Amino acid sequence: MACVGHIVHGMWRAPGNNRHRFGELSYWTEVAQLAEEGLFDAIFLADVVGTYDRFGDGTAAALRQGVQIPNLDPLMLVPAMAAVTRNLGFGVTFSTTYEPPFAFARRMSTLDLLTGGRVGWNIVTSYLRSAARNFGLDDEVPHDERYVIADEYIDVLYKLWEGSWDGDAVVADRARDIHTDPDRVRTIDHHGAYFRVAGPHLVQPTAQRTPVLFQATGSPAGLEYAARHAEVVFIGGQTTEDVRRNIAATRRRAQAHGRRPDDIRFIVQAGIITATTDAQAQAKLRDYRHFYSVEGALIHAQSEIDLRRYDPNDTIESVLAREGARFGNMGRRFHPGQTVGSALEQIARFDEGRYFVAGTPGRVADAIESWLDVDGIDGINLRQYHSFDTARDFINLIVPELQRRGRYRTAYTDGETLRERLFGAGRAHLPSYHAAARYRDPAALATPTPPLFPDLSSIKAS
Ligand SMILES: Cc1cc2nc3c(=O)[nH]c(=O)nc-3n(C[C@H](O)[C@H](O)[C@H](O)COP(=O)(O)O)c2cc1C
């Protein structure tokens, strides 16, 4: 994320950390070149469009701690990174809740065109009340309605990306003096509950047309949305069983939408700290913990209480009940009856769950293989503790070990799109049975796609 603190707050203060350079173009070109040197699929860029203002003195606390503010627009970083790489992909976050779809469709097509099909879109519906206030609303749109909006939003995008232009519309015929054949470009004339968009799309077809669709979700509405639309899903779960169950359930729902089980790649965010010996890795972990900010974590979690002020032997539940407060989105990480002291300790340890490992390359590679083989995930999103040491350590120590085990590519296939990298050759576009593809038939533009959620009450049922 284009800020000093995305998830592991406070680390920007660690010696040698380059995070404070996020406002320099060279920071992003260096990150991109490093990731490409490591043969990564893609760089993932998170985003929020408001401030974390529930903890302590509100936005002031977030500003002091550098919790996702200042924060730059991630879409703007992609051309710079693309210019210094040939193969690296870019998964960029953008919210469906606040800005209407037409301008976003154009921006993403611009990026897909300029990068030769290397972009993905992380679909989010946003969760900050402060963000709603930045876009003219008094409060957040209710959670499930955000997915109803997101469904119409993406329908508009599909019409623009897949239906508005034929693949051969640009003829660039100097002799006949025709750049684009008007018979092969059409308006979309979308009239929905939330959006009215005439079209045509302003950008010609790009290598992927629709960028690779990423999504992270945990709710019934979000999972149903992912089952219809998403191609890469950040899957959650505290245990192997949870993760396996969530993957299987999402695959089943995808099949109900006419998709194939392997049309979705499942990834988790993983914390990896490595060195040539276990003792060195543990020392690095201790060092990172030293800089980690518990306050930053509480701000990020939107906690309404400062746990550090309570008796460590008290339970979180009783503190919350007494204060009439909520513990923001951190609450679900703690078990009922957990004490304040143990919760603080858990946070200070980086709140490590199953997808965390600190140790030698052998130990880390064993863990990754077990996540792949036992939990059934397809890949990881590497949590960044330290820029650029986290990526450098992974590239120098873990990549060769995984390559030795036949678990990691040894070269890119030059010129492939991000979707082909993830799903195989010949798969530059979404498959013909994906919801987006129906608009490839111009006649479909006149007949609306049935909404995913016919009414809000249908969400819980799904
Ligand atoms: C790995 C990961 C990355 C995420 N990145 C973002 C982000 O950049 N911006 C954002 O607004 N939400 C982000 N989220 C939050 C999700 O979009 C989503 O709101 C959350 O997973 C809860 O799901 P639900 O909205 O379906 O309840 C992320 C979640 C995960 C797990």
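**Note on the predicted model: loops, helix packing, domains and ligand shell**

1. S126 sits in the loop that runs between strand 3 (119-124) and helix 5 (129-134). The model is a predicted one, and in it the phi of S126 is near 70°, which is a positive value in a residue other than glycine. This is a backbone detail to look at when inspecting that loop.

2. Two cis peptide bonds also deserve a look. One runs from I69 to P70, with omega near 0°; P70 belongs to the loop between helix 2 (59-65) and helix 3 (78-83). Another joins S387 and F388, where omega is about 10°. F388 is placed in the loop between strand 12 (379-382) and helix 14 (389-404).

3. Helix packing comes next, starting with helix 4 (residues 101-115) and helix 6 (residues 143-163). Their axes are 10 Å apart and the packing angle is about 50°. An angle of this kind makes helix 4 oblique to helix 6, and the crossing of the two is right-handed. On the helix 4 side the contact uses P101, A105 and S109, which meet Y153, V156, L157, L160 and W161 of helix 6. By class, this contact of helix 4 with helix 6 has 7 nonpolar residues, 1 polar residue and no charged ones.

4. Helix 6 also packs with helix 7, at an angle of about 15° and with the axes 9 Å apart. The pair is therefore roughly parallel, angles under 35 degrees being counted that way. Their crossing is right-handed. From helix 6, D144, Y147, A150, D151 and I154 take part, and they meet A221, G222, Y225 and H229 in helix 7. The residues of this contact of helix 6 with helix 7 divide into 5 nonpolar, 2 polar and 2 charged.

5. Helix 7 (residues 220-229) has a further partner in helix 8 (residues 240-256): the angle here is about 55°, and the axes lie 8 Å apart. Helix 7 is thus oblique to helix 8, and it passes helix 8 in a right-handed crossing. L223, E224, A226 and A227 of helix 7 make the contact with T250, R253 and A254 of helix 8. Sorted by class, the residues of the contact of helix 7 with helix 8 are 4 nonpolar, 1 polar and 2 charged.

6. At the level of domains, the chain is divided into domain 1 (11-278 + 355-455) and domain 2 (293-348). The C-alpha centres of the two domains lie 31 Å apart. Their contact takes 8 residues from domain 1 and 11 residues from domain 2. The side of domain 1 that touches domain 2 has 5 nonpolar, 2 polar and 1 charged residues.

7. The last point is the ligand. Which residues are the closest to it? They are A46, A216, T217, S219 and G222, out of 16 residues that surround the ligand. The shell around the ligand divides into 6 nonpolar, 9 polar and 1 charged residues.

Definitions and conventions
Residues are numbered from 1 along each chain as its sequence is written. This is a predicted model: local features need pLDDT of at least 70, side-chain atom pairs count only at pLDDT 80 or more; totals for chains, interfaces and linings use all residues. A residue is near a molecule or strand if its C-beta atom, placed from the backbone, lies within 6 Å of it. Ala, Val, Leu, Ile, Met, Phe, Trp, Tyr, Cys and Pro count as nonpolar, Asp, Glu, Lys and Arg as charged, and the others, Gly among them, as polar. Axes are lines fitted to C-alpha atoms, for helices over the stretch in contact, and angles run from 0 to 180 degrees between N-to-C directions. Helices (H or I, at least four residues) and strands (E, at least two) are DSSP runs, numbered from the N terminus. Angles under 35 degrees count as roughly parallel, over 145 as roughly antiparallel, 65 to 115 as roughly perpendicular and the rest as oblique. A crossing is left-handed if the near helix is turned anticlockwise from the far one by less than a right angle, and right-handed if clockwise. Two residues are in contact if their C-beta atoms, placed from the backbone, lie within 7 Å. Domain bounds come from an automatic or database domain assignment.
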